[in-house]
Amino acid sequence: MKIPKRIAQVIINSLKGGVVPRIGLPYITVGREMEIAALLHDVDMIAQGGASFRFIVGKYGSGKSFLLQTIRNHVMERNFVVVDADLSPERRLQGTKGQGLATYRELIRNMSTKTRPEGGALTLILERFIGGVQSAVVAQENLDPDTEEFRAAVEKKIYEVISSLQEMVHGFDFAKLLTMYYRAYFEGDEATKSNVIKWFRGEYTGKSEVKAELGVNIIISDDDWYEYIKLFAFFLKQAGYAGMLILIDELVNIYKIPNSITRQYNYEKILTMYNDTLQGKARYLGIIMGGTPQCIEDTRRGVYSYEALRSRLAQGRFGREDIKDMLAPVIKLTPLSNEEMLVLIEKLADIHAGLFEYEQRLTQEDLITFIKIEFGRIGVDKNITPREVIRDFIELLNLIYQNPEMTVEALLGSEKFSYAKAEPENVEMGRAEEFAEFEL
């Protein structure tokens, strides 16, 4: 594979550090075809004016974040705007100390498009919207852009485009700030433009401050931030984008909230989002949340502890572990197969060799031996994850590259590497049969 060194460096460093790279995912994507196809089907519906809500469920290191980032890259190629945030003790969906607003700020800060994939695309989006309206006015009315007549025509067109927003909750306020931004843009008033951006980012904390700087009495708050997300999704369609996708990871941080009432308020916010998307109250909006099985299915503290959510999300009577229902709101990630892991480490070996410019020394038999050792550990069926296997493999590649005199056979066969290797009688029959498939 011919991969730019900058991308190869990000891939190797990110995976060795146990995190998902933001770029280069197509080079290392393996498996998950059914999950990706299901989520992209949702994306098609969103682009047509619909909405969707999904949970991606898997244990730590199973590939949740990788799948979310893969979908992120796919939808940006389809002209979607993506906002993403990881929940934390300071960022929740609802809180008494601004935790919900903190999540909104993180989402808007990470607003990304195809041309601005690293985030911070809000200003770009607003100026693209204005530029698009100006171009339309020039084409339709053949006016000189330097005249007051042109400015009035553009302002009228902007009002026509955003007037539909006024029917939504807080839509009048949202439209008012958009108009204010356009006027500041036309007049070259950078201070006002900056203040309007600050307002859209949810950075005003008091009405007196925003009144002094913008002359309005409204701010985005902890209670109504989600209403503004819905407004953004609808506006983005008017601005020429296909829609908006929200990615929220680390749902486990709601599960960890010690106060049961606070947890319930957060689950109530999830219920509101879920109902909005299914009942048509949100348009051009997709929401995907990632969490562990425990934080979803625990009926004492997890999402299923909120009965209204459990009754909507829990698997029905026909559900089976060996059959995937990709139309269900909850998508459970199953482990990558041994064959898929083999393909993945082959890709990583090629990327590593290209990055450091050395001739690949690992043979197919070496790769198979590595996989057999990794998956031959005691308790592997329940404990090992792709993240652990990948980190071990990159460490192996680093050692081989830095120690040319070391043979692959010696390293793979060393006591340190294979200390946890299970004896044949300790390996479950099912796994043992899988290993047999790797024999050359």
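**Entry 1: the sheet**

I began at one residue pair: Ile 248 stands opposite Met 289 in β4. I noted that the model is predicted, with pLDDT of at least 70 needed for local features and 80 or more for side-chain atom pairs, while totals for chains, interfaces and linings use all residues. Residues are numbered from 1 along each chain as its sequence is written, and side-chain values use heavy atoms, with hydrogens and water left out.

I then looked up the strands around that pair. Strands β3 (residues 244-249) and β4 (residues 285-291) pair in the parallel sense over five bridges; strands count as paired if DSSP finds at least two bridges between them. Helices (H or I, at least four residues) and strands (E, at least two) are DSSP runs numbered from the N terminus.

The sheet is open and has five strands in the order β2-β3-β4-β1-β5, with parallel pairing. Its edge strands, each pairing on one side only, are β2 (81-86) and β5 (330-332). I recorded an average twist of 15° from one strand to the next; axes are lines fitted to C-alpha atoms, for helices over the stretch in contact, and angles run from 0 to 180 degrees between N-to-C directions.

**Entry 2: helices on the sheet**

I asked which strands helix α2 (residues 33-47) lies across. They are β1 (51-57), β3, β4 and β5, and α2 runs at about 160° to β1. Helix α12 (residues 260-279) lies across β1 and β4, at about 130° to β1. Contact here means heavy atoms within 4.5 Å.

**Entry 3: a helix pair**

I looked up α4 (residues 99-109) and α10 (residues 225-238), which pack at an angle of about 25° with axes 9 Å apart. The angle therefore makes α4 roughly parallel to α10, a label for angles under 35 degrees. Gly 100, Leu 101, Tyr 104, Leu 107 and Ile 108 in α4 meet Trp 225, Tyr 228, Ile 229 and Phe 232 in α10. By class, this contact has eight nonpolar, one polar and no charged residues; Ala, Val, Leu, Ile, Met, Phe, Trp, Tyr, Cys and Pro count as nonpolar, Asp, Glu, Lys and Arg as charged, and the others, Gly among them, as polar.

**Entry 4: a pocket**

I turned to the second largest pocket, with a volume of about 740 Å³. A pocket is an open set of points on a 1 Å grid over the protein atoms alone, where a 1.4 Å probe fits, with protein on both sides within 12 Å along at least five of seven lines; lining residues have an atom within 4 Å of a point. The volume is the space filled by probe spheres set on the points, which are joined across faces, edges and corners. Of its 38 lining residues, Val 19, Val 20, Ser 65, Phe 66 and Arg 387 are the closest to its centre. The elements that give two or more residues to this lining are α3 (64-77), β2, β3, β4 and α18 (386-402). The largest share, six residues, comes from α3.

Note on methods. Parallel < 35°, antiparallel > 145°, perpendicular 65-115°, else oblique.
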